[in-house]
Amino acid sequence: VVKTEDDQAQVEGDEAKLERVWSRPPGFRGWLMTVNNQPLGKRYMITSLAFFGVAGVMALILRIQLAVSDNEWLHPDTFNALFTMHGSTMMYLFAVPFLEGLALYLMPLMIGSRDVAFPRLTALSYWMYLSGGLVMYASFFFGTVPDAGWFAYTPLSGPQFADRGLDFWLLGLGLVEAAALAAAVEIVVTLLKMRAPGMAIHRMPLAVWAFLIAGVMIVFGFTPLLTATMMLELDRTLGTHFFNPLAGGSSLLWQHLFWFFGHPEVYIIFIPATGVLSTVIPVFARRPLVGYALIVVALVVMGFLSFGLWVHHMFTTGLPQLSLIFFAGASFMIALASGVQVFAWIATLWGSRPSYQTPLLYVLGFFFIFVIGGITGVMVATIPFDQQVHDTYFIVAHLHYVLIGGAVFPMLAGLYYWFPKITGKLPGEPWGKAAFWLTFIGFNVTFAPMHWMGMFGLPRRVYTYPADLGLDAENMVATAGAFVIGIGFAMALGGLVWSAWRGRSAGCDPWGSGTLEWGIESPPRRYSFRQPPVVRGRYPLWQNEGADVDADALERVAEGLRDLPVSWRASLVTDLLTARPQVVQHLPGPSIVPLVTAAGILAAASAVLAEAYVLALLGAMFSAGVVAVWLWPRRLRLPEREVRTITEQTGLPVVGTGSRSTAWWGAVGLVTILGTAMGSLVYSYFYLRLYSEQWPQDGLALPELMASGIGYALLLVSAGVQVWVSRSFRRETMRGVIGGLVGIVLLGLGFIGLVVWALVKEPTLPTDNAYTSALFVINWMMLGYAAVGVAVTALALPRLVWWPSDDARRLRVHLEVAELLWWFVVGAGVVAFGTTYVSPHVM
Amino acid sequence: MVRIARQRTLTEPVGPGGWGRWFAFLGGAGAWTVHIGVAYVAGEFGCVGGWGAQQVMGVTVSAWIVIAVTVLAVVVALAATWAGYRGLGGRVVSETGHQSDAAKYLSWSGLMLSGLFAVIIIGQSVPIVSHLHRC
């Protein structure tokens, strides 16, 4: 936290002072300590583009191998490793991180905020993402590259068939997933709570809607994958049997968990891309977008439906016909939502006089490619057709048409469009247009022939094919096209790098855009806005004259924050629905803590890879300790005079409580993630049971209820104590609050002790069979949840005991967060106990 | 302990009928979520577990469950659509006595969203008509 001892800087803030408080320490140390959204967003994008380049080179190597039949240039194992790393890099290290980086950079600018809600979490997210990518690629240096595909189907990825490389893949992916979840919570809370005054939900730019929905989808979609990767890593290192059919596990369970992530993943990439399109099209069509409300509806529908389609990736796995037919029907329905958007974009361009600059060219390329990908998507939603082309090059063609057409082309449109804002320089048009045409032509030359290659029976993921298949010419054409795409992408990115160095100055708004980010300098200052903009329309720079009932009040708040505060970082928190100002939120400054936390986690992951489990435990404990220091309650010493000035000028407090607090919303995000993880494990438990002839498996005894039952009963008692704490707090009875909190901590510790005791006493081991694996892991997870709940509750005590009269609002926020977490722990406990202890007895 | 009064904003966010508007916005989506979840459980857990393959009046238990949850989900989605329609009428008054466009927008979006979800729930259930008597 930036120390704010400078009293003379209170009241009369000016731009220089604002600049100073938002700057970071000089030098490399300052670079490591950065927590501001702009540099971190850029780092995210640059890192992901670097991974994109590496994965692109791998694709070219793969295409060289496939250019002619019976080719032995690459060893089959090398081919497997390369297509695994190509897919994994594109899906996990490029697509989502790039869009998250774009969101972290742009969203605060688009909504008129000075930063994101949790700046240090952004930094932690970036460092974990980088660590995850490095862990995955470290496998090359150890000569054990993962080779089970980007989907890592079991049992191929299990301990029997995959070597150490898959541990690099799983641990690296785990870090990347955790980073994505942190960034998602960051994005969602920022977009819900930090919009400019007046930017009510009906005025939010469509890109903001798109990133908001994608953020929520990441929370629900990435968590099952994170849980599944943890389960597979436990299978591989500890010897559990979740996915081992020989010990009661199920390989298809992995497919369910994976595709419950995998299908939404496509939309997690596509939906932000639609936000880019909905931003770029009106600017180059010179008119507002047609069908704003319909597009919002389509985005929400896509967000939900994408979670209901995972089964259509499993049409060939022998699921019951009823399931297949139902999910085929559901798969057709999503075309409705995609169609609405495509027609709205066409309607916007229809009859306009578009300016055919590079960003719009990429948009037009998107239309052509994505519509073909969408149509083949409807084809593969048809069960008999899918069973025919499953695992052939038809699917390779389809997924590339969807992902490159639906995501990479819009990303490039966005990159060209926002390039002047990010760098302050104009992108070179001739290079941009040439790069577009090369990419567009190369793409279709590469992937269109794959449709009929697949129809003619060329299976995917094979390192070569026989000459008598008669597909040499098509493969040679596809390989030539791949090199044209490669040149196109290289020209695009090279041109942008050149423009960033030597390009013409862009000014604030070179495109004549309508959204807030174009109303400030290019590149923006770290604090983005000297005062919060007041929004009265969907395109505030085009027409900001919409009726607003509290216009004067909003202007007064905005004026009151002009160049303020100057001795601490802050941004405005507003109401979720109407964007009325609620709080002037203090934001933390530069800190090394996120990097140190990520380093601890990386050390733990590396120790697991080295099978040094004690070191891994120490690394995890170190990280937990750093997080405890991070969250340790401190008095927030803000200059009183400046706080008073802000409060008088805006009528707003400097700390929000309840749903006005971003911390509370962050806790909601955490609870949602933890709940989804528990839900994934509970689903796994019942799925394994469904396919087991007896339960508990292998004739094991039913789980003993006494010790665990008392433990979980203590948890229920603690719920009553929590009610007591809340009531005491409302009645402002300090003793009641302290006593209640101590009670919760003791009951929580009692729960932990008794459940540990029950598990130790259990005559089985987690390595016996899939049943015992599920029993132990669900309860371990529950113990972890309880430990977090106890820690957060206990951390409120120093505040109450040492400085009860200060920081009253922050104390309240802490108690509200602790309460939310504890209720979650109690709820999760009921589910865990019901699943692992009660259900075997009663079902 | 220092008194911490509940904070007040410049205006209350939604005004009267706020929950109804949120129901309009999310009711159809919630109904669809329950629908797909129950249909999956009835399909895989019912058919593999055996209990769903039993027939009642020539229709499998799993199919009956899907039919029942379809009817319920459509009713909820239509109720949410109706709530959205109702939200368009009348005045939405904030604490300062002004009409809230955001609240109206929530209702309007809810009307379209929940209506579309009702159509989707029906649309995705239609194919099971061909599989009423077998898993």
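Let's start with B:C47, which counts as buried at 13% relative accessibility. Buried here means under 20% relative accessible area, exposed means over 50%, and partly exposed is in between, with a 1.4 Å probe and protein chains only. Before I go on, two housekeeping sentences. This is a predicted model, where local features need pLDDT of at least 70, side-chain atom pairs count only at pLDDT 80 or more, and totals for chains, interfaces and linings use all residues. Residues are numbered from 1 along each chain as its sequence is written, chains are lettered from A and ligands numbered from 1 in the order in which they are written, and side-chain values use heavy atoms, with hydrogens and water left out.

Back to our cysteine. B:C47 forms a disulfide with B:C135, the sulfur atoms being 2.0 Å apart; the cut-off for a disulfide is a pair of cysteine sulfur atoms within 2.5 Å. Over all chains, the structure holds 1 disulfide. Which parts of chain B does the pair tie together? B:C47 lies in helix α1 (residues 18-49) and B:C135 in the segment after α3 (101-125), so the bond links parts that are 88 residues apart in sequence. For those who like torsions, the one about the S-S bond is about -75 degrees, so this disulfide is left-handed.

While we're on chain B, here is its outline. Chain B has 3 helices and 2 strands, and from the N terminus on they run α-β-β-α-α. Helices (H or I, at least four residues) and strands (E, at least two) are DSSP runs, numbered from the N terminus. Of its 135 residues, 47% count as buried. Among contacts in chain B with a separation of 6 or more, 74% come from residues 24 or more positions apart, where contact means heavy atoms within 4.5 Å. B:M57 has phi near 55 degrees, a positive value in a residue other than glycine, and at 73% relative accessibility B:M57 counts as exposed.

Now to the nonpolar cores. A nonpolar core is a set of buried Ala, Val, Leu, Ile, Met, Phe, Trp, Tyr and Cys residues joined through side-chain atoms within 4.5 Å. The largest has 307 residues, and those with the most contacts inside it are A:Y92, A:W209, A:M782 and A:Y785. Helix α4 (residues 76-111) of chain A gives the largest share of this core, 23 residues. Leaving out residues up to four places away in sequence, A:Y785 touches A:L674, A:A677, A:M678, A:F824, A:V825 and A:A828. There is also a second, separate core of 10 residues, including A:V135 and A:L609.

Points are joined across faces, edges and corners, and a volume is the space filled by probe spheres set on them. How many cavities of 30 Å³ or more are there? The count comes to 8. The largest cavity holds about 120 Å³, and of its 13 lining residues the closest to the centre are A:P205, A:L206, A:S278, A:T515 and A:Y539. Helix α8 of chain A provides the largest share of that lining, 4 residues.

Last, some backbone details in chain A. A cis peptide bond joins A:L564 and A:P565, with omega about -15 degrees, and A:P565 lies in the loop between α16 (551-560) and β1 (569-574). The bond from A:W695 to A:P696 is cis too, with omega near 0 degrees, and A:P696 lies in the loop between α20 (662-690) and α21. Then there is A:R286, in the loop between α8 and α9 (292-305). A:R286 has a positive phi near 60 degrees although not a glycine, and A:R286 is partly exposed, with a relative accessible area of 46%. Finally, A:S728 in helix α21 (residues 706-730) is buried, with a relative accessible area of 5%.

Technical notes
On a 1 Å grid over the protein atoms alone, a cavity is a set of points where a 1.4 Å probe fits but cannot get out, and a pocket is an open set with protein on both sides within 12 Å along at least five of seven lines; lining residues have an atom within 4 Å of a point.
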